[in-house]
Amino acid sequence: MIIDNPIILAVDDDDCASSLVSTVFERAGLVQPIQFARDGMEAIDYLSGTGAYSDRVQYPFPTIVLLDLNMPRKNGFEVLAWIRQQPGLKRLHVYVLSSSSQEEDIRRCYDLGASSYLVKPGNLEGLMNQARCLLAWLKLSHISPVA
Amino acid sequence: MGGTPGGFALPDDLVSALGDYNNYRSGHGVMRAKLLGWTPNGYSRCAGVFSARLNSRNYLPPFMNKGALSVSELRYRRLFESAHDGILLLDPVTRRIIEANPFMENILGYDRAELLGKELFEIGLPQNQTASQAAFQELLANGQIRYENLPLQTKSGQRVEVEFVSNLYPEGTQQIIQCNVRDITVRKQLENSLRDADLKLSRHAAELENLVNVRTAELRQSNQQLERFIYSIAHDLRAPLRSMQGFAQLLVLEHAERLSQPGRDCTKRIMKAAQMMDQLLVDLLEFSLVSKQEMQLAPVALETVVQSALTGCENEIIESEAQIESHSPWPAVVAHATTLRQVLVNLIGNAVKFVAGKPPQVQLRSEERPNGIVRIWVEDNGIGIPMEFHERIFQVFQRLHTTSYAGTGIGLAIVQKGMDRMSGRVGLDSTPGEGSRFWIELPKAPSETERGSPELRVERPEPDHTVNPHKITHTSSEDRALSSRLSTLDSRLHSSV
C-alpha cells in the first residue's frame with residue numbers, strides 16, 4: 001500500500017501536548033487530521049475498533065501511532081506490548097514520543113518492538129523538525145508494513 | 001648457754017646453736033626433724049635454726065663471722081614472715097611440709113601447726129593423692145612446677161584461686177622443695193569483671209553498629225525516594241512547560257502582527273521565563289540522574305572524556321568566544337565515564353561563564369599526585385570566588401550572582417555529587433579578580449601492563465553511551481560520612497539516656 005496521506009494516531013493524556021503536535025504536523029504538511037487517544041485504554045479500543053471506534057470512516061485505521069509512555073489506566077509500554085501481540089498489528093509503525101531520555105526506557109521500548117523512539121523536543125523548532133522528517137520519511141518509504 | 005642440738009635442748013642463742021650444729025654436721029637431718037617436731041610453740045626460733053643451717057652448709061662466706069650471720073638470718077626471716085605470698089618448704093623424700101609462713105595460714109585458713117607434717121594433697125594442693133604424686137614426679141624431674149591458676153578450697157570450704165610455683169633446690173647432698181603460693185582470687189575476680197565488661201561493651205558496640213546500619217539504610221532509602229521525587233517532579237513539570245513554550249512560540253510565529261508591541265513583549269517574557277524554567281528542570285534532572293545512576297567504576301581514558309566534554313560545551317564555548325587549551329598528558333583514571341564527562345562539562349561550562357568583559361581563557365591539565373591520585377585542573381581567568389563561598393557553591397541552587405550571569409545554581413552541585421559517587425574529590429583555589437582553579441581528583445588507573453589481562457583495557461567511551469563491564473565495588477564517601485555522623489549522634493544519644 002502506497003502511503004500518500006498517512007493517518008496519525010497520537011496517544012497522549014496531555015491535551016495541550018496533543019494539540020501542539022497536531023498543529024505542528026499540520027504546518028509540516030500533514031493532510032489528514034490527526035486522530036487522538038487520551039490514554040492507553042483508548043488507544044487499544046481505537047486500534048481494535050471497539051465501540052464507537054468501529055466506525056472506520058470517522059476513526060480511520062492509522063498508518064503510524066505516536067505513543068506517549070506515561071499515561072493513566074494503561075501506559076505506553078503496555079500498549080506497545082499489546083500491539084505486538086495482535087496478529088494484525090504486529091508490524092504497525094509505532095513511534096514512541098516521550099519526554100524521557102532515560103536509557104532504561106529507550107531500551108525497554110525497543111525490546112517491546114517500538115519502530116522508533118523520539119525524545120519530545122523542548123521547543124517548537126525541534127518538534128517541527130521531527131514532524132517534517134517523519135512525514136518526509138513516510139513519503140520516501142512508500143509502503144506501509146501493515147498490508 | 002643451752003645444751004647441744006644433739007641432746008634435744010634448744011640453744012639460748014643462734015650462734016651457739018650453729019656452733020653446736022657444726023660439730024654435729026653429719027646428723028643434721030635428724031636434728032632438724034626433731035627440732036621441728038619438738039617445738040611447735042617455738043616457731044621463730046626453730047625456723048631460725050633451720051635457716052642458719054642453710055647458710056652454714058653452703059653459703060656462709062669465709063669473712064662472715066657469727067654476728068653477721070645472725071643479722072642476715074634475722075633479715076631473711078623477716079622477709080619470710082612478712083611476705084604476702086604463701087611460702088611452704090617441703091621435704092622431697094617424705095613430701096611433707098616442714099615449714100610454712102604466716103601468710104600461708106591466711107590463704108588456706110589452716111594454722112601453722114595443722115600445716116606442718118602434712119602432705120600437700122591433704123590441704124587440697126592439688127586435690128587428690130594421685131595428682132599430687134604426679135606433680136611430685138614432675139617436680140623432681142624438671143626441678144620446677146608451675147600452675148598459673150590453681151583453684152583451691154580453704155579449710156572452711158571457701159574457694160580461692162592461687163598461682164603456685166614449686167622449685168627444687170639443692171642443699172649440699174640434700175634437696176629442699178620451696179613452694180610459693182600467691183592468692184590471685186582478687187586478680188581473677190577483676191579479670192572476670194573486665195572480661196564481662198569487655199563482652200558487654202562489644203555487645204553494645206555491635207548493637208550500635210547495627211543501629212547505625214539500619215538508620216543508614218533508612219536514610220539512604222529516603223534519600224533515594226527524594227531523588228526519585230526530584231526526578232519525577234522535574235520530569236512532569238517539563239510536559240506542561242513544553243506546551244506553554246510551544247504555544248507562546250506559535251503566538252509569536254503566527255500571530256505577531258496582530259499583537260501590540262506590549263503584547264509581543266509579554267509573549268517574549270513568557271518564552272524567556274519558560275526557557276529559564278526548562279533549563280532549571282533539565283539541570284535538576286541531570287543532578288538526580290547523577291545521584292541515582294548505577295556507578296560501575298572502570299579505567300577511563302581521560303583524553304577521550306575531556307574531548308567529549310569539550311564537544312558537549314561547544315555552544316557555550318563558541319558563544320563566549322572562549323579559548324580553551326587542553327594540555328596533555330592525560331593519564332587513564334578509574335571513573336564512571338558518563339559521570340566524569342558530566343562533571344567536566346559543568347566545570348568547563350562554569351569556567352567560560354563567569355568572565356567580565358573579556359574572552360574567557362580556560363586551561364585544562366592533569367597532575368599526578370602522591371598515592372596514585374590524578375588531579376585534573378580546570379583553570380579560568382574569570383571573576384573568581386571569594387574564600388567564604390568556596391564550600392557553599394557546591395550546594396544545589398547556590399548562586400553567587402543574580403542577574404549578570406546566567407545559571408541555575410545546579411552545575412557545581414552536579415560536580416560535587418558526581419565526584420562523591422565516584423569516590424573522588426573536588427576543590428578549588430580562587431582569588432576574586434584572578435580567576436578560579438577548580439580541581440577534581442580520581443585514582444589513576446593501573447597501566448595496561450600492570451593490569452595484564454587484555455579484558456581490562458582502558459575504556460574509550462562514546463559520549464553518553466557507556467557500558468562498563470568491569471565492576472569495582474565501592475562505598476561512596478557520602479555513605480561513610482553518613483555512618484560516621486550517625487555513630488556520633490548515637491553515642492550522644494546513648495550518653496544522654
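Chain B and chain A bury about 1500 Å² between them, 49% of it on carbon and sulfur atoms. Buried area is the accessible area (1.4 Å probe) that two parts lose on being put together, summed over both. This is a predicted model: local features need pLDDT of at least 70, side-chain atom pairs count only at pLDDT 80 or more, and totals for chains, interfaces and linings use all residues. Residues are numbered from 1 along each chain as its sequence is written, chains are lettered from A and ligands numbered from 1 in the order in which they are written, and side-chain values use heavy atoms, with hydrogens and water left out.

**View 1. The interface of chain B and chain A.** 18 residues of chain B are in contact with 18 residues of chain A (contact means heavy atoms within 4.5 Å). One salt bridge is counted between the chains. Glu254(B) and Arg27(A) meet in a salt bridge through their side chains, at 2.2 Å, N to O. The term means a side-chain nitrogen of Lys or Arg within 4 Å of a carboxyl oxygen of Asp or Glu. Helix H8 (185-255) and helix H9 (261-292) of chain B each supply at least two residues of the side that touches chain A. The largest share of that side, 15 residues, comes from H8(B). Helices (H or I, at least four residues) and strands (E, at least two) are DSSP runs, numbered from the N terminus.

**View 2. The sheet of chain A.** Five strands form an open sheet in the order E2-E1-E3-E4-E5, with parallel pairing. Two strands pair if DSSP finds at least two bridges between them. At the edges are strand E2 (35-37) and strand E5 (116-119), each pairing on one side only. Three bridges join strand E1 (residues 8-11) to E2(A). Ala10(A) has Phe36(A) as its bridge partner in E2(A).

**View 3. The sheet of chain B.** Here five strands form an open sheet in the order E2-E1-E5-E4-E3, with antiparallel pairing. Strand E2 (97-100) and strand E3 (144-153) of chain B each have a single partner strand, so one side of each is left without a neighbour in the sheet.

**View 4. Strands E4 and E5 of chain B.** 10 bridges join strand E4 (residues 159-171) to strand E5 (residues 174-183), and the two run antiparallel. Asn167(B) stands opposite Gln178(B) in E5(B).
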